[in-house]
Structure formats: structure tokens, C-alpha cells
Amino acid sequence: MSLDPAAEALSALVDQFSQRSAFVRELIQNSLDAGSGRVELHVTEDDDELIVSVRDDGEGMTLEIIQNYLLVLFSSSKERDRTRIGKFGVGFASVFSLRPRRVIVDTGRDGKFYRVIFDDERRYTLAELDEPVEGTLVTLEVPKRDDAPAALAQELLDAAQYWCRYARAEVITSAEV
């Protein structure tokens, strides 16, 4: 079965991340670029999945940023800003490297709040929220597979500690698995 060209490009892009924990670095870097002073990585489990969340207190996203940058590959609002690392518009796609069942992004700015939900086929829905969101919260619902959940959780925490050891923000990690 052949994928359509856009799906094929996204799959190739996701597969380029040689470490499945690379998304931790990418999400935390996005948080730092959004002016976060605090980023939290938390891993928990329920009966059939790991829940991985990255929460920040950065500036959040407007509907325009979501539609023109988050949802569009190779498009970045940072491409002309030399003070920010992310400028190629591919980092967020790394969240799919763990093959999550769902990815949920809650964010907002200027009194408007949004939720984007990506399913396991990387299709998305976008809705406006009634409740306020401070910063951005990205949650991955990852089916338990052959890996030991505790080992995967430790891998994610180690990645955050390694890549963020010089971060200019407080990076807090925790796991309950």
C-alpha cells in the first residue's frame, strides 16, 4: 500500500530521528524559544499506555501560529530569528517517533485557547477551549509495547537531563512507572 506524498514525506522525516527520545530535546527547545522559565517532563503509565507530557510556561501559541507553523512541515516562525534554535519547521514532527496513539497539544495566547489532537495516523483536529491554558502542554499517549515502561521512562528523563543540562530555564523531570 502506497502512502500519499505528504504522508510519505512525514514518515521519512519522523524516521530521520535516530533516537526515539529526540522529541524531548525538540519540545524543550521549543519551550525555551517561547520564553519559558520552567519546563516539566512527566511520564506516567496506566494499564495499556505511557503518558508523556511536556508542560511549559512560555508564551503559548495563537491560532495563526498553530495553523501556519505547528501544522505545516518546514514552516517556522523562527527562521529569521538568530536567537532561536528551531528554524526548519521539523522539530515537532519528532513526537511521532514513539508511534503514539494520540498527541494532544493544549496552548493559548491573548485570551484564546486551543487543543490540537493528532491521531495515530497523524491526522488532526483543532478546537477552541473554554478553559484557559498557561503556556503549552504537549501530551503523548504511547501504547505499551515490548519495551519495559520503566526503561523507556528512564530513557526520556536521561535525554532531558543530557540535552538540557545548560538550559537557561528550570527543567524538571519526573516519572511514575
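Me: What makes strand 1 and strand 2 a pair?

Reply: Two strands pair if DSSP finds at least two bridges between them. Strand 1 (residues 38–45) and strand 2 have seven bridges, in the antiparallel sense, so they pair under that rule. Strands here are DSSP runs (E, at least two residues), as helices are (H or I, at least four), and both are numbered from the N terminus. A hairpin through three residues joins strand 1 to strand 2, and Glu 45 stands opposite Leu 50 in strand 2. The model is predicted: local features need pLDDT of at least 70, side-chain atom pairs count only at pLDDT 80 or more, and totals for chains, interfaces and linings use all residues. Residues are numbered from 1 along each chain as its sequence is written, and side-chain values use heavy atoms, with hydrogens and water left out.

Me: Which strand does strand 2 join through eight bridges?

Reply: That is strand 6 (residues 136–143), and the two run antiparallel. Val 54 has Val 138 as its bridge partner in strand 6.

Me: Why is strand 2 called largely enclosed?

Reply: Six of the eight residues of strand 2 (residues 49–56) are buried, so the rest of the structure largely encloses it. Buried means under 20% relative accessible area, exposed over 50%, and partly exposed in between (1.4 Å probe, protein chains only).

Me: Why does Ser 97 count as buried?

Reply: Its relative accessibility is 15%, and the limit for buried is under 20%. Ser 97 is found in the loop between helix 3 and strand 3.

Me: What does the side chain of Ser 97 reach at 3.1 Å?

Reply: It reaches the backbone oxygen of Arg 20. A polar contact is a pair of N or O atoms within 3.5 Å; within protein, one must be able to donate a hydrogen and the other to accept it, and residues adjacent in sequence count only if both atoms are side-chain atoms. A polar atom of the Ser 97 side chain also lies 2.8 Å from the backbone oxygen of Ser 94.

Me: How do you know that the charged end of Arg 25 sits over the ring of Trp 163?

Reply: The rule asks for NZ of Lys or CZ of Arg within 6 Å of the ring centre and within 35 degrees of the ring normal. The charged end of Arg 25 sits over the Trp 163 ring, 4.6 Å from its centre. For Arg 165 over the ring of Tyr 162, the distance is 4.3 Å.
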